[in-house]
Amino acid sequence: AGYINGSLSTLSRVIEALGKSQKNKKHKNSHSHIPFRDSSLTKLLKSALGGNCKTALVVCVSQESHYKDETLSTLRFASR
């Protein structure tokens with residue numbers, strides 16, 4: 001589970017950096033670093049995330065109260 005959480009955290013940082021990079025292109029600022037090499041997951045997804053393509057994120061959540069914390073965490077991740 002530790003590797004998965006680490007990869008998801010890296011994916012989150014990559015998506016955030018890509019968003020900032022797009023804003024910088026509009027304002028003609030310098031390029032920011034995109035941490036694709038920080039995990040195997042982001043290395044594999046580099047061409048899907050960093051090119052001229054549209055990428056969708058599908059998340060699975062539960063309505064059960066037992067999974068409330070996990071569902072909230074997943075929704076926070078997806079909202080980035």
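What follows is a short tour of the fold, the core, a salt bridge and a pocket.

Modeller: Some ground rules before we start. This is a predicted model, so local features need pLDDT of at least 70 and side-chain atom pairs count only at pLDDT 80 or more, while totals for chains, interfaces and linings use all residues. Residues are numbered from 1 along each chain as its sequence is written, and side-chain values use heavy atoms, with hydrogens and water left out.

Colleague: How many helices and strands does the protein chain have?

Modeller: Helices (H or I, at least four residues) and strands (E, at least two) are DSSP runs, numbered from the N terminus. Here there are three helices and zero strands, giving the pattern α-α-α along the sequence.

Colleague: And what share of the residues in the protein chain is buried?

Modeller: Buried means under 20% relative accessible area, exposed over 50%, and partly exposed in between, with a 1.4 Å probe and protein chains only. Of the 80 residues in the protein chain, 22% are buried.

Colleague: Which residues make up the largest nonpolar core?

Modeller: A nonpolar core is a set of buried Ala, Val, Leu, Ile, Met, Phe, Trp, Tyr and Cys residues joined through side-chain atoms within 4.5 Å. The largest one has eight residues: Leu11, Val14, Ala17, Leu18, Ile34, Phe36, Leu49 and Phe77. Helix 1 supplies the largest share of this core, four residues.

Colleague: Let's zoom in on Ile34. Which residues does Ile34 touch?

Modeller: Contact means heavy atoms within 4.5 Å. Setting aside residues up to four places away in sequence, Ile34 touches Val14, Ala17, Leu18 and Ser21. Ile34 sits in the loop between helix 1 and helix 2, and its relative accessible area is 18%, so Ile34 is buried.

Colleague: Which residues form a salt bridge?

Modeller: The criterion is a side-chain nitrogen of Lys or Arg within 4 Å of a carboxyl oxygen of Asp or Glu. The structure holds one: Asp38 pairs with Arg13, their closest N and O atoms being 3.8 Å apart. Asp38 lies in the loop between helix 1 and helix 2 (40-50) and Arg13 in helix 1, so the pair ties together parts that are 25 residues apart in sequence. Asp38 is partly exposed at 49% relative accessibility, and Arg13 is partly exposed at 40%.

Colleague: Last one: how much space lies in the second largest pocket?

Modeller: Rolling a probe the size of a water molecule over the atoms shows where empty space is left. On a 1 Å grid over the protein atoms alone, using a 1.4 Å probe, a pocket is an open set of points with protein on both sides within 12 Å along at least five of seven lines, and lining residues have an atom within 4 Å of a point. The second largest pocket holds about 420 Å³, the volume being the space filled by probe spheres set on the points. Of its 14 lining residues, Asn5, Leu8, Ser73, Thr74 and Phe77 are the closest to its centre. Helix 3 gives the most to that lining, with five residues.
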